[in-house]
Amino acid sequence: MLIHLTEAALAKVESFIQEHDGGEAAGLRVAVLPGGCSGFQYGLNIEETPEEDDEILDLPAGIRVFVDPFSAQYLEGVEVDYVTSMMGSGFTFNNPVATGGCGCGSSFTV
């Protein structure tokens, strides 16, 4: 499985993990959840340890990414970025398997 985090996203995740004092086993959970206007939405969470059936990706800067089996099928090749603009800041997703999305950009279809 391939998930790419930009340098900005890696830096932000690293700071979140340090803020939560997650320890060496901590990582970023990237998930796809049913919901939103278009059917699926993304979920991000800092977790102390992976679940037993998670795929674990080791990214640069020692960042670990945890992906559950359901989410993995929708996340192959996704790029996660962290952007700051006049409208605010947050994580964005560029997903090559998404076939559409909602107007607000918070959910997608496959």
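Of the 110 residues of the protein, 37% count as buried, where buried means under 20% relative accessible area, exposed over 50% and partly exposed in between, with a 1.4 Å probe and protein chains only. This is a predicted model, in which local features need pLDDT of at least 70 and side-chain atom pairs count only at pLDDT 80 or more, whereas totals for chains, interfaces and linings use all residues. Residues are numbered from 1 along each chain as its sequence is written, and side-chain values use heavy atoms, with hydrogens and water left out.

The accessible surface, computed by the Shrake-Rupley method with a 1.4 Å probe, comes to about 6,300 Å², and 51% of this area belongs to carbon and sulfur atoms. Among contacts (heavy atoms within 4.5 Å) with a separation of 6 or more, 52% are accounted for by residues 24 or more positions apart.

The protein has two helices and nine strands, taken as DSSP runs of H or I with at least four residues and of E with at least two, numbered from the N terminus. Along the sequence they follow the pattern β-α-β-β-β-β-α-β-β-β-β.

Three strands form an open sheet of mixed pairing in the order 1-6-7, two strands being paired if DSSP finds at least two bridges between them. Strand 1 and strand 7 (88–94) are the edge strands, each pairing on one side only. Neighbouring strands of this sheet are turned by 20° against each other on average, direction ignored. Strand 1 and strand 6 run parallel and are joined by three bridges, with Ile-3 standing opposite Val-78 in strand 6. Helix 1 packs on the sheet, touching strand 1, strand 6 and strand 7, and its direction makes about 80° with that of strand 6; axes are lines fitted to C-alpha atoms, for helices over the stretch in contact, and angles run from 0 to 180 degrees between N-to-C directions.

The largest nonpolar core has 24 residues, and Ile-3, Leu-5 and Val-13 are among those with the most contacts inside it; such a core is a set of buried Ala, Val, Leu, Ile, Met, Phe, Trp, Tyr and Cys residues joined through side-chain atoms within 4.5 Å.

| Element | Residues |
|---|---|
| Strand 1 | 3–5 |
| Helix 1 | 7–19 |
| Strand 2 | 27–34 |
| Helix 2 | 69–75 |
| Strand 6 | 78–85 |

Helix 1 gives the most to this core, with four residues. Leaving aside its neighbours within four places in sequence, Val-13 is in contact with Leu-5, Leu-28, Ile-46, Ile-63 and Phe-91.
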